[in-house]
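Hello,

Here is the structure I promised to pass on. My notes follow below it.

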Amino acid sequence: VDPSVAPLPAPPVRSLAWVGDAASGRLRLLDQSLLPAEEVWLERGALAEVLGDILRLAVRGAPAIGVAAAYGTVLAAREAARAHPDDPAAAEGALRTGAEALSRCRPTAVNLAGAVARTLEAAGPRPRPEALLEAAQALEEEEVLASGAIARAGAAWLLGRRRVLTHCNAGALAAPGLGTALAPLYLLHALGEPLEVWVDETRPLLQGLRLTAWELARAGIPHAVLADGAAAELMRRGQVDAVIVGADRVCRNGDVVNKVGTYGLAIAARRHGIPFLVAAPLSTLDPLALSAEEVEVEERPGDGVRYLLPGTAPAGCAAFAPAFDRTPADLVTALVTDRGVVERPGPGTLAALAGSAASLHRTRRAGR
Ligand code: MRU
């Protein structure tokens, strides 16, 4: 079967969904911070709860935080209407304040601010919770379709490359549908193609070890985890046929901002002549960021690095704890998007896609 037209498998998990109507519904989330030890589902009916969940990575991954924040605007509008029942202007002001907080609570993934701006715009002037819910659901559906398109395009590219290494978690937990970097792997597996996935543990928060390994096990895909520092040695031994990762932001010039450790992997892959693929939907392409130098990289508390186990680091030890890093475009073999594969991404090869992304991010520009 040609993967580019193959039927898609069901995702191994659906980690978030809106349940109920706009007036009394809730955002249902799988708490990713507790996986794999516990599967706890949260029901969130308050804006502050959703903000907290995004901040503490209970929901994480660029497209997933965008969709969660889009649903967060429904809660913001509901609370604003209740706080100011007789004053529509004050209610609108409160909604905008809530939406702003959602847009800014994590700085690196452009999906977050992009999704909030698009949801508000689609819901029209003085948006009501019902209109915001409809817009958020449409956005979620769009991401599901994008993940399917990435699955097909990426599977066609990867066909015949059995041993694939990935970093962080860019699967169904991180994006509605099949995910981004893992989406092609789910499709190849469903088509009966042999696969062995190498999973970087992804220090310091262990999204690979905890989340990607959990997802791949649910899907029945053979995999093994490794310490991030072992990836280059694995490549040197000839055990990796391709690397595929997701992205939090793809810049106008093709630079990629993704989970810290991605840049080092890209360098190692180039040294060993291994293709380095980045999978991302159009919503992750930021036409306003000319290069990765312009993108704010979130810093996390140093304790994530210091304390793998209680008492690991000497007391008072300083730490460097960026959540993301910047991979220059020239290290990326191909960008797998829902609009097709861009080989050797750069300002020229990305021009058409950046034009499409510009219309998605139109309102974000206006809001700057
Ligand atoms: O800090 P996280 O866990 O939200 O970081 C996630 C990543 O870096 C992913 O690779 C990226 O968001 C793509 S997810 C489809």
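A polar contact here is a pair of N or O atoms within 3.5 Å; within protein, one must be able to donate a hydrogen and the other to accept it, and residues adjacent in sequence count only if both atoms are side-chain atoms. Please note that this is a predicted model, in which local features need pLDDT of at least 70, side-chain atom pairs count only at pLDDT 80 or more, and totals for chains, interfaces and linings use all residues. Numbering runs from 1 along each chain as its sequence is written, and side-chain values use heavy atoms, with hydrogens and water left out.

The ligand first. Gly61 has a backbone N or O atom 3.1 Å from an oxygen atom of the ligand. Polar side-chain atoms also reach ligand oxygen atoms: one of Gln207 at 2.9 Å, and one of Lys259 at 2.7 Å. The protein covers 100% of the 420 Å² of accessible area that the ligand has on its own (Shrake-Rupley method, 1.4 Å probe).

H4 spans residues 110-122, and eleven of its 13 residues are buried, meaning under 20% relative accessible area with a 1.4 Å probe, protein chains only. Among them are Val110 and Gly114. Just after H4, Gly124 takes a positive phi of about 80 degrees.

Finally, His361 sits in the loop between helix H11 (351-360) and helix H12 (362-367). His361 counts as buried because its relative accessibility is 3%. Beyond its neighbours within four places in sequence, His361 is in contact (heavy atoms within 4.5 Å) with Val110, Gly114, Ser283, Leu285 and Pro287.

Best wishes

Notes:
Helices (H or I, at least four residues) and strands (E, at least two) are DSSP runs, numbered from the N terminus. Buried means under 20% relative accessible area, exposed over 50%, partly exposed in between (1.4 Å probe, protein chains only). The expected span of a helix is 1.5 Å times one less than its number of residues.
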